[in-house]
Amino acid sequence: MTSLPMIEPSAAAPPTELRASDLTLGYDDRIVVRSLDLSFPIGRITAVVGPNGSGKSTIVRAAARLLRPKSGAVFLDGKAIARTPTKEVARRLAVLPQGPSSPEGLTVERLVWSGRYPHQGFLGTSSVGDAEAVAWALQQTHLVDFAQRTLDTLSGGERQRAWIAMALAQQTPILILDEPTTFLDLGHQLEVLELLGELNAQQGMTVIMVLHELNQAARYSDHMVAVHAGRIWRQGTPDEVLTQELLEVVFGVHADVRLDGASGKPYCVPLARAAEPAE
Amino acid sequence: MIRVAAVRSGSMLVGWLVLAGIVGAIAIVSLGIGQVSIAPGEVLGALLAGPTTLEGRIVFDLRLPRLLLAMLVGAQLAISGAILQGVTRNALASPDLVGITAGAGFAAVLIVLVFVDAPAFVLPLAALIGGATSGAIVYLLAWKQGVSPERLALTGIAVTAIFQAAVTAVVTLRVEQAQAQQALRWLAGSLYGRGWDELLVLLPWSVVGIAGAMLLAHKVNILLLGDAVASGLGMRTERARMTLVAIAIALAASAVSVAGTMAFIGLVIPHLIRLLIGANHRLVLPFSALAGAVLLLVADDVARTVFETREIPAGLFTALIGAPYFIYLIMRRKTQISV
Amino acid sequence: MERRALPAALALGRFGVLMLVAVAALVLGVLLDTSFGLVEMPLDAVWRALTVDDGSQNRTIIWELRFPRALVAAIVGASLAVAGAVMQALTRNPLASPSLTGVSAGAGLAVVASLVLDPARPLWLTPFIAFLGGALGGTVVFSLATRSVVTPIRLALAGFATASLLLSLTTGLLILNGAIVGQVYFWLAGGVAGRSWQHVNVIVPWAIVGGAAAMLFARHLNILLLGEDVARGLGLQTGRTRAALMIVAILLAAAAVAVAGPIGFVGLISPHVARFLVGTDHRRLLPLAATFGAALVVWADLVARAIQRPLEIPVGIVIALLGGPFFLFLARRNV
């Protein structure tokens, strides 16, 4: 698919780590996450799962420096992210928040161009490198023919791909997405997840995503982190995490967990409500 | 269960009696202050004796109707504001928002500055028609398969701006005239010189409007749950909204026609009452009425007496109350903008 | 039906054409506004008076009276338009504008208060006073409107309530000091009558600084439009950028109010018209909105003077009578 050579991210060295250390997070006076340690595997796809209100989005937003921790720190390549200039962070890490709103009349091309902001100076002059990055991003997301379309004329899946294209134009080795498939229908959900898988396989991109759907998380990720009441309940391979115990304890559901022969990944079939989830 | 209800309504009755007593005391004192000072005891005597003595005439002919008017106007504006805040689901709504005051103001300045020779009774009549008409215009313009709270508010802002521009146009074109000060004072809101004539004109509107508002108060509670839920509960939401807005317009337009465009009572009082006692409009409406009545009464007293030789328009004082109240609203982090 | 935007080159050409048209309309408006007046003058006489300093009476009328007035109108219109465009982008609210966010009302109150308290204060001080008042008004409105979600409607209502308050206080000041009522009331309506080179000199520095800053930040506005999280994810320092842009907007609005009184709706309408014509890229939207706003005020001034010759209606009223229905149309469309 890529007729262009893969473009190296602007930082010379690939990323070494994205790590949260002793993180306490909250909103106003409500503490959501307490003293959390979490290291995201580089070069892998990590899915963060958990029930509503468990803190999964909070953790991921903090990792993307969108939320300032009450205590503790997030380390990117050994340096505290809070002390790194935000544009520099944006060259290492791209983030796609939940349900982004698009201004009226914005074209796909202009949206993707916005992704070059962290690489441009104050006056915002564009370089050849910028144009190449934008073209590459459009190619990767199969949106070249959609470049002049406005976002509101696209389907849900296409629009989400456009936002991913923007993040790709940032040319970062790490991509963080907060619920990228919620509100999309099934076909478009798979479209997005498959694209992320491609990016990981072909470019070695580190993908961290919050996912609502457990089976999708298990199928499309290498590493799963299950969050429960602000703490990491378990993390590991999908086999290790997606278990009957997870469904019972964290989600309060009796379920059957089976192995999908084709993908080799587990999947769960909910059966009935269990007693109240244990704290 | 019944005993609890009885005890509750018993203590509510006591509460109301206490409030009535307080208001009565304020009223007696108000009747006594002014250029001619009358002691409270004499006030009572004058009330009983009627307009026979000098004090009696002052109390009866001058101050009593003015006091009753202040209370009615204040109550009506407050109730109107409470209804509109409930219907628009926004605690910053007011009769000014839906164009009533601007329309009334426009009609009034036309009479005062353009049709200068019209007889005295035309002014309040024109203001009433102007206010009611502009309120109706706002409602109609906001109609798009029904009137949503947001559209009502935004339409009101637009129409108010247009009428305000028209008012300014008339005033600036006629600013040299002797009547300019009179026009400005009307626009500020004043009870100067209002007597029994004005009270009798207002009374039918007061009775019908206030009764209607109290009877329909519970509908506001249902509307606050959202149109979908309200319809699910069997309410005809558009009809209810239209009736409530009509009552609010009638109450405010009639009040404004008599007293001029008095600022802030319709905004501040219901907002404050709701902060104090919650969003049950069966209670919010009557309490707002009472609070509005007392507020305007006190404001008018101050306006009458603060300067020895002049009278200040009462509306100036209600506006002055608005300023610190806004500051208070901002400082309080818990302000409810949606009801 | 898909709405295709034009490919880049064509879009740039289209922008150029639109700017050309807008500038032409503006220049024409200024010329007409300058030639119109009590003393009838044919166009060639007007041109002579503009370009040749021959000390004639025509020259005085044109150069000292009418031309600076038209200039002030244009600069005021441009400033308000840019202020409104910046506010709309900052708040992502199509209803934001200096008059609806309490900035104009606050600036107006501050200026009236200073007129009442110290009628002799120098003219160049006015924009500073207006800035303080405008900042205060804007702060009040945003504080009132800010809950977890600032919806457009909440901002509009907070703005309306605050403007009503400020207007009442202003009226109160006028009543207490009856002598200057006429002068102040006229000023409050918003207009450029009697504005001279003095006023031009006062507003030009503010307009230039504000306009240049807005253009420098145009790209940042585009990014901010994508939402807080996305903007931060792209490495924009959103807090700082927003604050700086807000100051620029208030600066422009306050300067306009200081010189011409609180004129409403220019800041609301101009960005919408520009957006309709060239889209949301602020590098194009800002110049077009500025030119449109300038032309709007200039032409409105012409109308205001022509309607009731020889009397003058304040320009603000003409614009309000145009702007009100437009706002109505916006409200119906968006809500």
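Student: In this predicted model, what share of the contacts in chain A between residues at least 6 apart in sequence join residues at least 24 apart?

Tutor: The share is 66%, counted among contacts in chain A between residues at least 6 apart in sequence.

Student: What makes chain A as compact as a globular protein of its length?

Tutor: Chain A comes to nine helices and twelve strands. Its radius of gyration is 19 Å, and the globule rule gives 19 Å for 279 residues; the two values are close, so chain A is as compact as a globular protein of that length. The C-alpha trace of the chain spans about 60 × 40 × 35 Å along its principal axes.

Student: How many of the residues of chain A count as buried, as a percentage, and what does a residue need in order to be called buried?

Tutor: A residue is buried if 20 or more other C-beta atoms lie within 10 Å of its own, and 46% of the 279 residues of chain A count as buried.

Student: Why is H12(C) called oblique to H14(C)?

Tutor: Helix H12 (residues 266–278) of chain C packs against helix H14 (residues 315–334) of chain C at an angle of about 55°, their axes being 10 Å apart. That angle makes H12(C) oblique to H14(C), because angles under 35 degrees count as roughly parallel and those from 65 to 115 as roughly perpendicular. The crossing of the two helices, H12(C) and H14(C), is left-handed.

Student: Which residues of H12(C) and H14(C) meet, and of what classes are they?

Tutor: From H12(C), C:Val266, C:Leu268, C:Ile269 and C:His272 meet C:Ile319, C:Gly323, C:Phe326, C:Phe327 and C:Leu330 in H14(C). By class, this contact has seven nonpolar and two polar residues, with no charged ones, and Gly is counted among the polar residues.

Student: Which element gives the most to the side of chain C that touches chain B?

Tutor: In that contact, 40 residues of chain C meet 42 residues of chain B. The elements of chain C that give two or more residues to this side are H5 (126–145), H6 (152–176), H7 (181–189) and H14, and H6(C) gives the most, with 16 residues. By class, the side of chain C that touches chain B has 27 nonpolar, ten polar and three charged residues.

Student: Which element gives the most to the side of chain A that touches chain C?

Tutor: The contact takes 27 residues from chain A and 22 residues from chain C, and H2(A) gives the most to the side of chain A, with four residues. That side has twelve nonpolar, eleven polar and four charged residues.

Conventions
Residues numbered from 1 in each chain as written. Chains lettered and ligands numbered in written order. Predicted model: local features only at pLDDT ≥ 70, side-chain atom pairs only at ≥ 80, totals over all residues. Axes fitted to C-alpha atoms, helices over the stretch in contact; angles between N-to-C directions. Parallel < 35°, antiparallel > 145°, perpendicular 65-115°, else oblique. Left-handed = near helix turned anticlockwise from the far one by under 90°. Contact = placed C-beta atoms within 7 Å. Rg over C-alpha atoms; globule rule 2.2 N^0.38 Å. Buried ≥ 20, exposed ≤ 12 C-beta atoms within 10 Å, placed from the backbone.
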